[in-house]
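Hello,

Here is the structure we talked about. My notes follow below it.

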Amino acid sequence: MSVEGKIIDVIFNGVYLLKVGKRKVLATKNLTPGITIYNEKLIVCDGAEYRSWNPFRSKLAGAILKGLKFFPVKEGDQILYLGAATGTTASHISDIVGKEGGIYCIEISERCIRELVHVCVARRNMYPILADARRPEMYMHLVPEVDGIYCDVAQPEQAEIIVRNAQVFLKDGGYMFFAIKARSIDVTAKPSKIFKREMKILEKGGFKIKQKIHLAPYDKDHAMVVGVYKG
Ligand SMILES: C[S@@+](CC[C@H](N)C(=O)[O-])C[C@H]1O[C@@H](n2cnc3c(N)ncnc32)[C@H](O)[C@@H]1O
């Protein structure tokens, strides 16, 4: 069941702020009208259907609502998504890149990939790949050169994982989104050492960092780091 709403702002390409009753809701335009992925609300504005994008369920939504300024994702982009889980965030990126885009969803957990496959059957621009993101050579025959990498694998060596994947798949000038433990980004806390180390690895690996954002109150544990690749 859907509710009526009104577009009040276009925050980025394909990312909308809607008014639903008295509430403001972040949303993307539904690529597969009538189908929901995680019980999100469907909202109809001027005859088109949108999916509410929950910042408590998706770190990217949280980052946008916390003031993300760098969001280069556009229609037609090819994206390598490391740690896709059951496809919550990937499905919203799928709405944004549209039919001509592609999201190559790497996920190590068989339980998650079983659910993800259902999402990918409905969304023809998402491709599920059961693999370990630490080993890009295992899926290099399945993934083309990409415009961006999204990494949320919750692993200690995430920066190395992004760099290794960027060397194989990311085009020069491509972008990355990197979800990292928030305590490592907070300079007043000890784990800031981890953050410094991760940033060094990214910079040495060819990335220029554009912005870092704490995701609290949506996600107390994480921050989002965004950057571009110089190769
Ligand atoms: C925090 S969840 C991702 C949530 C997802 N990004 C979203 O917003 O919808 C992290 C995921 O990374 C996966 N993962 C952990 N290590 C991995 C690895 N080495 N390769 C691929 N996936 C991995 C986990 O199985 C888990 O599903």
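The ligand is surrounded by 17 residues, counting a residue if one of its heavy atoms lies within 4 Å. Among the closest are Tyr 81, Thr 89, Glu 107 and Gln 155. Polar contacts below are pairs of N or O atoms within 3.5 Å; within protein, one must be able to donate a hydrogen and the other to accept it, and residues adjacent in sequence count only if both atoms are side-chain atoms. A ligand oxygen sits 2.6 Å from a side-chain N or O atom of Glu 107. A ligand nitrogen is 2.8 Å from a side-chain N or O atom of Asp 132. The protein buries 84% of the 610 Å² that the ligand exposes when taken alone (Shrake-Rupley method, 1.4 Å probe).

This is a predicted model: local features need pLDDT of at least 70, side-chain atom pairs count only at pLDDT 80 or more, and totals for chains, interfaces and linings use all residues. Residues are numbered from 1 along each chain as its sequence is written, and side-chain values use heavy atoms, with hydrogens and water left out.

Next, the cysteines. There are 0 disulfides (cysteine sulfur atoms within 2.5 Å). The sulfur nearest to that of Cys 105 belongs to Cys 120, 5.1 Å away. Cys 105 is buried, at 0% relative accessibility (buried means under 20% relative accessible area, 1.4 Å probe, protein chains only). Cys 120 is buried too, at 7%.

Last, Asp 219. This residue lies in the loop between β12 (207-214) and β13 (222-229). A polar atom of the Asp 219 side chain is 3.2 Å from the backbone nitrogen of His 222.

Best wishes

Definitions and conventions:
Buried < 20%, exposed > 50% of the residue type's maximum accessible area, 1.4 Å probe, protein only. Helix = DSSP H or I, 4+ residues; strand = E, 2+ residues; numbered from the N terminus.
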